[in-house]
Amino acid sequence: MNEDDTIGLEARLPDQEYYRPPPKFVGQANGTDPDIYERFEDFPDGFSEYAELLTWDERWDETFDGSDPPFFEWFVGGSLNASVNCVDRHLEERKNQAALIWEGEGGEARTITYQDLYRQVNEMAAVLREVGVEEDDVVTLHLPMVPALPITMLACARIGAVHSVVFAGFSANALADRLVDADSDVLVSIDGYYRRGEWLDHKAKADEAIDTEETAVETALLWSRHDDLHEGVELTGDDPYVLVDDVLAEKQGAHVEPVARDAEDPLFLMYTSGTTGKPKGCQHRTGGYLAYAAGTSKYVLDIKTTDTYWCAADIGWITGHSYIVYGPLALGTTSVMYEGTPDYPDRSRLWEIAERYDVDIFHTSPTAIRQFMKWGEEHLAGYDFDFRHLTTVGEPIQPEAWQWYYDHVGDEDAVIVDTWWQTETGGHLITNLPALEDMKPGSAGRPCPGIEPALYEDDGTEIEAASGRAGNLVIERPWPGMLQTVYGDDDRFIDEYWRRFSDTDSDDWRDWVYKTGDGAVHGQDGYYRVLGRLDDVMNVSGHRLGTMELESAVAEVEAIAEAAVVAREDRERGHVPDVYVVLRDGVEGSDDVRKQVIASVEDEIGAFARPDRVLFVSALPKTRSGKIMRRVLENISNKEDLGDTTTLRDPSVPDQIREQVQTNG
Ligand code: WT7
């Protein structure tokens, strides 16, 4: 980490006060025994407590096998099925309890009991079988927030197929890349869905992805959104489509025997952005992942079967996988799912839903909280909701936003857990167990039971614990929720996460250290304050984007000779991408070129990745060896000091850029 950045970051962090969890929360919490931390210090066996929350076909023989680092194994010899754990095993006690409460954007509502879910998952599993999906096949799902999404995920899990869910906002090109990388020949999509009252034709993206030369989709299962306006699609024999409804009609009441999966068999892939242009397929195992998602849902989210729990994220990202689908359903609770945006038809939408279903636990992101703050507390007024527990995830939360959440959403009477984790980690790693620790706005808090974070200098030396100094956040000991590998690319798995701080020659797992890519401070109180990414990954409104992916999208535009993308701090969205562009000789910077750049990003990645500003400059800052110094651009974007520029080939470039940005930004 750059010395100047470190000092700058620390200076901006004022001391914060603590908030006690309300006694009435503590009195009912799942995790009130402080011994939990000590129990989990018994590595690796402590983690078996999480595995005990699940129903196993075959119990494991060995909790952890670290003999081939970093390819760790968990609950070795055990076997289980994730759909059985999330559905079947709840039937005896709560088949008529809602498993999912779904609310469509336009106000349609559907309650899916555990019995309904059982029936629908089985029928969909039969559909998958019917079209030839076999155990270990990768099935790609490109579905919005409709019940078809969790149903298809669980149906895959039932037959031992590996799902790869691609967030619905991703473009056809991004979908195609992920199909190709996963060598996936089955796509599950839907005709369309609603966004702010508008019908989005989602099949168009599937059409385009299928037509992409490199993809080899043999079967495209198409769900129908079904509502008063859309009766469902008619297919005119266009291969490779199959209407889910048609096959489902033949599979009514089907029972599909769940496949016992080895604990180490993969459950799913989740693509995420890294430091190269190519997204990585994080591969998650069945046993360890599910145990970790269930355990953290129990102790961090305090979920009970009697709760109505609402995580207002999208299932298309890891948050939704772990904390809308797998964790909550494994615990047999009621999980709410909402299709639309928080401001449709008006800015009270979420609070109206919270009141209607009497939601107990609510989960959202700092970006959303900043937006609610901006809209004003009047939109919450008059709604009778009463949360006992609030969560935030995805970005560091500013103390002011935390305070607003606490005062206006929590009514000064709920706990807030700030959960730090990543797509790769499967579940929370740093966050307080809410009944055991005081809250501190802006700090994620203490490590979860059994998790051993540390801070390292750039040169790999460990920074003293609780020193209050910033460093590279690493995790020194394996945990069951961690990714198994990068799909199809073990070398990249080692390069991205392990090489930097591990002794990669060693076959002792203790010499292997997981690099998170984040910077953090470990305070004297033992709380971690996560500062943000230190690598070429940015966090836009809680969505992870790779600098290189954005740059290669921009480079598709004919008029552009060279481009660099950096993150600019934004009050509302956390960070936004700024694109610095050098045009080809003879081309003039114009609004038309700007539009082309934005269109290209939407086309290659998706509208959620839109750059905020496109800035025309005559040259990019480069080192003598020709490497672009993005840090210099980042400092320009954020109106900060330039830092050390002695390695620049042409030291006058930053000043030129500053001037050009002022005139065309
Ligand atoms: C990155 C992971 C898994 C959650 C959804 C995002 C940032 C995540 C926090 C937090 C500060 C956070 C980190 C991390 N991040 N949670 N509570 N406080 N930063 O998952 O897309 O894999 O992104 O999000 O920078 O590395 P993701």
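**Exercise 1.** Which helices and strands are included in what covers the buried residues of helix 15?

*Solution.* The model is predicted, with local features needing pLDDT of at least 70 and side-chain atom pairs counting only at pLDDT 80 or more, while totals for chains, interfaces and linings use all residues. Residues are numbered from 1 along each chain as its sequence is written, and side-chain values use heavy atoms, with hydrogens and water left out.

Step 1: helices (H or I, at least four residues) and strands (E, at least two) are DSSP runs numbered from the N terminus, and buried means under 20% relative accessible area (1.4 Å probe, protein chains only). By that criterion P366, T367, A368, I369, R370, F372 and W375 are buried in helix 15.

Step 2: with contact taken as heavy atoms within 4.5 Å, the cover includes helix 14 (349-357), strand 18 (361-364), strand 19 (389-393), helix 16 (399-409) and strand 29 (574-583).

Step 3: because seven of the ten residues of helix 15 (residues 366-375) are buried, helix 15 is largely enclosed by the rest of the structure; G376, which follows helix 15, has a positive phi, near 105 degrees.

**Exercise 2.** Identify the side chains that make polar contacts (pairs of N or O atoms within 3.5 Å) with an oxygen atom of the ligand, among them that of Q422.

*Solution.* Step 1: the side chain of Q422 places an N or O atom 2.9 Å from a ligand oxygen.

Step 2: for D518 the corresponding distance is 2.7 Å, and a polar side-chain atom of R544 also lies 2.7 Å from an oxygen atom of the ligand.

Step 3: the ligand taken alone exposes 550 Å² (Shrake-Rupley method, 1.4 Å probe), of which the protein buries 96%.

Technical notes. Buried < 20%, exposed > 50% of the residue type's maximum accessible area, 1.4 Å probe, protein only. Polar contact = N/O pair within 3.5 Å; in protein donor to acceptor, adjacent residues only side chain to side chain.
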